[in-house]
Amino acid sequence: MTSGSRPSLLVVDDDFAFNRVLVRALDQRGFDAHGATDPEAAIELARDHMPEFIVLDLNLAGESGLRLIRPLLEVSPDARILVLTGYASIATAVDAVKLGATQYLAKPTDLDAIIRALHAEDVVLADEAPEAPMSVDRLEWEHIQRVLAEHEGNISATARALKMHRRTLQRKLARPPASA
């Protein structure tokens, strides 16, 4: 599982430049880091290196990265999986943890936060309820994310379930609401 005393880590992100930069940075921080930009390469690298840690992008070329959690855990059952996403939602965070991920972080984030999340024993959740209720935009976003997850990332099926035009749904997904 390790290369010497360095823990093995796999980065799965379809953004080639981000993947390369993150792999290099994690390698410099003491990990034996490897990068994959597609699901097939991720499974192959997981077989080859049995990673202790996996950083998995939620969106892999338009497909849900959540689909990759179980196959990665079948190959490397003790791996701690951190789902990293630019489109964070409560629904996908819950789904990721239910599928076996140990952490969930929203982009943008920094390297220290990624490393802390990889080593954290429990999923880090806010201790207190938010002071202000969620905005209508945020509630809509959360609902869309839940329905999208139920339809395994299929935009057309999600649009039909929401009784919404597919292009309208795509526009909404492209503009996540501000925090809160």
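The legends below describe close-up views of a predicted model.

Residues are numbered from 1 along each chain as its sequence is written, and side-chain values use heavy atoms, with hydrogens and water left out. Local features need pLDDT of at least 70 and side-chain atom pairs count only at pLDDT 80 or more, whereas totals for chains, interfaces and linings use all residues.

**View 1. Overview of the protein.** The protein has eight helices and eight strands; helices (H or I, at least four residues) and strands (E, at least two) are DSSP runs numbered from the N terminus. Of its 180 residues, 42% count as buried, where buried means under 20% relative accessible area, exposed over 50% and partly exposed in between (1.4 Å probe, protein chains only). Among contacts (heavy atoms within 4.5 Å) between residues at least 6 apart in sequence, 62% join residues at least 24 apart.

View 2. D57 is located in strand β4 (residues 53-57). An unreviewed UniProt entry lists D57 under "modified residue: 4-aspartylphosphate"; such annotations may be inferred rather than shown by experiment. D57 has a relative accessible area of 6% and is therefore buried. Not counting residues up to four places away in sequence, D57 touches V12, D13, D14, G65, L84, T85 and K107.

**View 3. The largest nonpolar core.** A nonpolar core is a set of buried Ala, Val, Leu, Ile, Met, Phe, Trp, Tyr and Cys residues joined through side-chain atoms within 4.5 Å. The largest one has 24 residues, of which L10, I69, L72 and I81 touch the most other members. Two or more residues of this core come from each of β2 (6-12), α2 (39-49), β4, α3 (69-75), β7 (80-85) and α4 (90-99). Another core, of 17 residues, lies apart from it and includes F31, L82, L84 and L118.

View 4. A42, I43, L45 and A46 of α2 are buried. Seen down the axis of α2, its buried residues fall within an arc of 165 degrees, so they line one face of the helix; the arc is that of the directions from the helix axis to the C-beta atoms. The cover over these buried residues includes β2, β3 (32-36) and α3. On the other side of α2, E40, E44, R47 and D48 are exposed.

**View 5. The ends of helix α2.** At the start of α2, a side-chain oxygen of D38 reaches to within 3.1 Å of the backbone nitrogen of E40. M50 follows α2 and has a positive phi, near 40 degrees.

Notes. A polar contact is a pair of N or O atoms within 3.5 Å; within protein, one must be able to donate a hydrogen and the other to accept it, and residues adjacent in sequence count only if both atoms are side-chain atoms.
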